[in-house]
Every structure is written in C-alpha cells, then in structure tokens.
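Q: Hey, can you walk me through this one? I'd like to go strand by strand and then look at the rest.

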Amino acid sequence: MYDALDREIIHGLYCAPRSSFRRLGEVIGVSEQTVARRYSALRRDGVMRVVGLSGPAAQGRAEWITRLRCRPDAAGPVADSLARRPEVGYASIASGGSEIICTIRSAPGGGRDDVLLRQLPKAASILDMSVDLLLHAFSRPGTAGWAGGKRSLSEEQVRQLTARRPALADPVPDPAPAGATSAAPAPAPAGPSTVPTDEDRLLFAALAEDGRASHAHLARVTGWSAARVARRLEVLEAAGSLTYGIDILAERLGYDLNAILWIQVDLPDLHRIGEELARHDECAFVAATSGRHNLMAVVICEDTPAFYDYLSSRLARVEGIRGYEISVRARSLKQSVSLIHHGRLVHLASR
C-alpha cells in the first residue's frame, strides 16, 4: 500500500526530478533515509520511474498523435509491436479493443514521411488511422505532470524544491543508480553545442534507464569526468535538449480510470483553455494538436463516478468547449520510455 508520504515524494519528484533525497526530506519534513527507502521501493516495485528524455523540439523532431483502428483480434499484437519501437512513446488500447493510441517521434526533417508512418497504413490489420501533429504541450505551474492525483505539497514546498540552490557543502556520495543525485552543477561555460551529438549517446541511454543517475555513475558510463558530466547536463537541460519525466502506474495508487478527451475549441480560446485544463489535478497531459479536435487531455480519476464528476463539474465550467469525444483506456502498454510488463514499469532495453 502507498500512503500520503509516497504521494508527497512523487509530487516532489515531479517538481524537481533530480533533487537530492536530502533536499526532498528537508522540504517534506522527513529524513533523507526515509525518502531514499520509499523512493527505492516505488522504483523496485515498478510503480514509478524517473527518466531522462531527449527534447524533440530542440533536435528538430516532431511528435505525432496517432489513432489506429484495427481488427479486434489484431489490436493486441499490433500495439505490442509498436510499444517496443524506440520512436513510439505513450501507447495504449482504448475500450472496445479495436483502437490503438500512441505518440510517434519523427526523425529530424522526416515529418509524415517517417518510415513507420508510411508503413502503418499498409498493414492489413489496420482499418483506419489518423495522424495529427502535437503542436504545443501545456505544463502545470510548479510540476511536470500528473503528480499522484491531488497535490500533496504546498505552493511554498514546491517553490523551495524548484528554487535554484548553491552546491551543498557536503556532496552526495556515489550511490547505486537509483540513489540520490548530486546538487546542481556550476554554470556551464559558453560555447558547447546545445544539440546532442554522438558523444552524448551513452549519456542519454543511461538517463533513459535512470533519470536520477548520479554524476559519478554517468561518468563511469560515459568515460568522462564527473565535472564534465555536470557541465554537459547543464548545457543540455538549459537548451531543452534534455528533459526529465516521471512514468507512473496510476492504478497502483488507486486511480483506475484513464481516458483521453479529444476536445474541440475555437482558435481564439485554444491557449486559454489548454492552460486552464493543465491546472486541473485530474489532467496528466494536455496538448494542442493539428486535428479536428484541436486539444487533447489525458485524464486520470479514481473510478467512473469520479470521472463523471470531473466531466459534469470542473470540465463543464470551462467556457469555450464546443464538443468532445472520449477514449477510455482498456490497456496501457507504454509511457514515454517505459514498457508496462506484468503490471510493472520496466526499461525498454530490458525487454
């Protein structure tokens, strides 16, 4: 069972994914050892993973929201195959068992001519598909996404976690990959490329496995010095070429209903409504898209009555929504870079 303290730790990591266990403990009001033990249990049980991600926009890549309508007997195998492809992010099967929803990252300059997007319509098991460009993702102030339902930390605690801090006098020792990370490095010197290079390949691979890997661990993986790792992370993060995400199994925290809302709004209202939805605790992800439904929102609720309450109360009060459709998730297969295997989040390369 996971309790309020686990949710506070999850919320804290959403706000500052690489914050040290010491800092998290100071803000939450528990010991560094307690935070480390709780986080390790969440990660070991496959409930959550902190992952490092390459920023698609900074590398000239695009993300496409893809909806595939398949023969019911083929949806499972097609979805499993897609989930194992590195360019595919979120992947799920909607209720009814015939619709697959996933995100596909295209190579620089590839766009809709990407090999996978050209191959999919030719598959005999796929009856229909729509591919829409993800134009803009709306972020919730103070956190990177759905943080375990209702916010567990106060605004002041969030401010403390996200404020820039000087390096600690006593550096965090080098732990196992799942342990605490060192404090923020000194500002990087001007000049290095902000676009990932072949030299960064091992760095990104290690962060995809564990976004909280320590500088010392990353130095061993890359063959660099810890100081060089710290400087390179600073440059890539500042440019948006490196971001961090939290993959989480909401159902393990008691949130069993996951749905995507495909929303129609008038263009003058697009940004306002997107920002308003992003502030809803129930919304894990909100983005503007190029499709007929020009907004999409991933909504996570405890159960069907809670979802209905969200639709009929909080969503209903948002002015400017002209219409919507709902895709209720029946089976989740992947989140960003984590596969879902036997009810646990696992690293893609481990399968």
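Q: OK, which residue in β8 is the bridge partner of Phe-138?
A: That's Val-286. Before we go on, this is a predicted model: local features need pLDDT of at least 70, side-chain atom pairs count only at pLDDT 80 or more, and totals for chains, interfaces and linings use all residues. Residues are numbered from 1 along each chain as its sequence is written, and side-chain values use heavy atoms, with hydrogens and water left out.

Q: How do β5 and β8 pair, and over how many bridges?
A: Strand β5 (residues 126-138) pairs with β8 in the antiparallel sense, over four bridges. Two strands pair if DSSP finds at least two bridges between them. Strands here are DSSP runs of E with at least two residues, helices are runs of H or I with at least four, and both are numbered from the N terminus.

Q: What about β8 and β9, how many bridges there?
A: Five, and those two strands run antiparallel. A hairpin of five residues links β8 to β9.

Q: Which residue stands opposite Val-298?
A: Phe-285 does, with Val-298 sitting in β9. That strand covers residues 295-301.

Q: Is Val-298 buried or exposed?
A: Buried, because its relative accessibility is 8%. The cut-offs are under 20% relative accessible area for buried, over 50% for exposed, and partly exposed in between, using a 1.4 Å probe and protein chains only.

Q: What does Val-298 touch?
A: Leaving out residues up to four places away in sequence, its contacts include Asn-258, Ile-260, Cys-283 and Phe-285. A contact means heavy atoms within 4.5 Å. Also, the C-alpha atoms of Val-298 and Val-286 are 6.5 Å apart, though the two residues are twelve apart along the chain.

Q: Why call β8 largely enclosed?
A: Because five of the seven residues in β8 (residues 283-289) are buried. Cys-283 is one to look at: it has 3% relative accessibility, so it counts as buried.

Q: Switching topic: how many helices and strands are in the chain?
A: Eleven helices and twelve strands. The chain has 351 residues, and 51% of them count as buried.

Q: Which residues have the most contacts inside the largest nonpolar core?
A: Ile-10, Leu-13 and Met-48, in a core of 27 residues. A nonpolar core is a set of buried Ala, Val, Leu, Ile, Met, Phe, Trp, Tyr and Cys residues joined through side-chain atoms within 4.5 Å.

Q: And which element gives the most to this core?
A: α1 does, with six residues. Another core, of 25 residues, lies apart from it; Ala-91 and Leu-116 are among its members.

Q: Last one: which residues are buried in α6?
A: Gln-157, Val-158 and Leu-161. The buried residues of α6 fall within an arc of 100° seen down the axis, so they line one face of the helix. That arc is taken from the directions from the helix axis to the C-beta atoms. What covers them includes α1 and α2.
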